[in-house]
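Please check each one against the structure as you go.

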Amino acid sequence: MINPERKTEHTIVRPTGFTSTLSSMDVARPDVAKKKRKKRIITIAAIALGVIVATFALSRLKPAVPTVDRSTVWIDTVKRGPMVRQVRGLGTLVPVEFRWLPATTEASVEKILIWPGTKVAAGDVILELTSPELEQSAQEAASKAKGAEAELATERATLQRELLDQESKTTAAHSAFEQAKMERQTNDQLAKNGLVADLVYKTSKIKEEECQKSDEIEQKRLAFSHDSIEPQLASKQAAVDQANQLAKLKLDQVDGLHVKAGMDGVLQALPVQIGQRVKVGDNLARVADPTKLKAQVKIAETQAKDIQIDQKAEIDTRNGVVNGHVIRVDPAVEQGTVTVDVAIDGELPKGARPDLSVDGTIELERLNDVIYVGRPAFGQENNTVGIFKLVGNSNEAVRTPVKLGKSSVNTIEILNGLQPGDQVILSDTSAWDSHDRIRLN
């Protein structure tokens, strides 16, 4: 009988050469995996931090300093002292005295007697026009003037005759009054002595009164006739004056067909040709005095605000420089410029003639003690601009904010940012706007 509590022992039979490997199996070590994971996180964080630091460092790096050839830039030294403010412009010489000769009527150019460039006197005929219509109209106007004068003479004679007739009537009425008066006085004496009938006496008194009234009326008529002569003749005289003026106008127009210079000088322009039809007001010729010239200078509108009458000026004719002064400033702006007239004070250089191109420089004011430098190629007066200033004796220049003041043709006032002795670049530096420092070779 088998004892149930007895355990049966089983023997494991292994083949020959089999060796147990239980002693070499991997043992789970969770702390090692944790360390590896932590190491990887630290490495990634370090790499990311390095990238950030490198990016920040690169962003803080200044751009490379550009190199500029010194011979290609304009360098000037800041100075202190007096500065003359000037403005400059181009212009032409024009005559002070000239005259355009206009056509006074419609006509045709028949003959040209004098050509441009010729000296002329006031009475010289430059060209001749023709207008048959005008000549006929002038003859009709002259005939009407003579007719009006004849009517005036006839009216004057008629009025004089009527005046004489009235004087005769007045004389007769006064004579009748005197006779009636004498008759009444005689009857007065006779009536006192009872030698005249009462009816006759009364009749003489009535006749005297009647003749007296007639005399007074005729005297008034005479005065009226005398006073009315001038008013009646005035209307006729007005018609005569009007006809004479019209005839004179037509005669002047006919005389104007012979176009005269009107002044001593030189014939400058003749913008017509033979056979050309001209209208009233068309310019036929221009005569000018070449010995009296002035300069008309065009100044930029931004620089003309300080120009005043009598300011000094210099005019360069390319054959000499003459002094002058401002006599007129055009109130209007044309194509961005203001026209300034400059009178010539001295003698004109040789070769000076109308329409000659000149350079005009006008002196605005003199600043006694200011800091100034050559005018840069950029920036306007009363503005703040960045100018490259040379650093000591090095070959580098740094951009410096400079406040500019009043400007002149070639110089400009420095209000702040530079000191006397500083050297600055005045050339156009817009190519280096992205740089605050440049290097000069």
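1. In this predicted model, strand β4 (residues 98-102) and strand β11 are joined by five bridges and run antiparallel, with L101 standing opposite A285 of β11. Strand β11, which spans residues 283-288, is mostly covered, five of its six residues being buried. Strand β9 (residues 265-269) also runs antiparallel to β11, to which it is joined by three bridges, and here L267 has V287 as its bridge partner.

2. Strand β3 (residues 79-95) is joined to strand β16 (residues 357-374) by 13 bridges, the two running antiparallel, and G91 is found opposite V358 of β16. Strand β3 also pairs with strand β12 (residues 293-300), again in the antiparallel sense, over six bridges; in that pairing L90 has K298 of β12 as its bridge partner.

3. Helix α2, covering residues 132-192, contains 61 residues and reaches 91 Å from its first C-alpha to its last, which is close to the 90 Å expected at 1.5 Å a residue. Just after α2, G194 adopts a positive phi of about 70°.

4. Where does R85 lie, and is this residue buried or exposed? R85 is placed in strand β3, and with a relative accessible area of 5% it counts as buried, because the cut-off for that class is under 20%. Leaving aside neighbours within four places in sequence, R85 is in contact with a set of residues that includes I362, E363, L364 and L367, as well as K406, S407 and S408. Its side chain makes polar contacts with the side chain of D306 at 3.2 Å and with that of E365 at 2.7 Å.

5. The structure holds 24 salt bridges, one of which is formed by the side chains of E365 and R85, at 2.7 Å from N to O. This pair links distant parts of the chain, E365 being in strand β16 and R85 in strand β3, 280 residues apart. E365 has 25% relative accessibility and therefore counts as partly exposed, whereas R85 is buried.

6. R85 also meets E381 in a salt bridge between their side chains, at 3.9 Å from N to O. Because R85 lies in strand β3 and E381 in the loop between β16 and β17 (384-390), the pair ties together parts that are 296 residues apart in sequence. Both R85 and E381 are buried.

7. A further salt bridge is formed by E396 and R437, whose closest N and O atoms are 2.7 Å apart. This pair, too, links distant parts of the chain, with E396 in strand β18 (residues 396-407) and R437 in strand β21 (residues 437-440), 41 residues apart. R437 counts as partly exposed, at 34% relative accessibility.

Methods:
Residues numbered from 1 in each chain as written. Predicted model: local features only at pLDDT ≥ 70, side-chain atom pairs only at ≥ 80, totals over all residues. Heavy atoms only, no water. Helix = DSSP H or I, 4+ residues; strand = E, 2+ residues; numbered from the N terminus. Expected span 1.5 Å × (residues − 1). Pairing = 2+ DSSP bridges. Buried < 20%, exposed > 50% of the residue type's maximum accessible area, 1.4 Å probe, protein only. Polar contact = N/O pair within 3.5 Å; in protein donor to acceptor, adjacent residues only side chain to side chain. Contact = heavy atoms within 4.5 Å. Salt bridge = Lys/Arg side-chain N within 4 Å of Asp/Glu carboxyl O.
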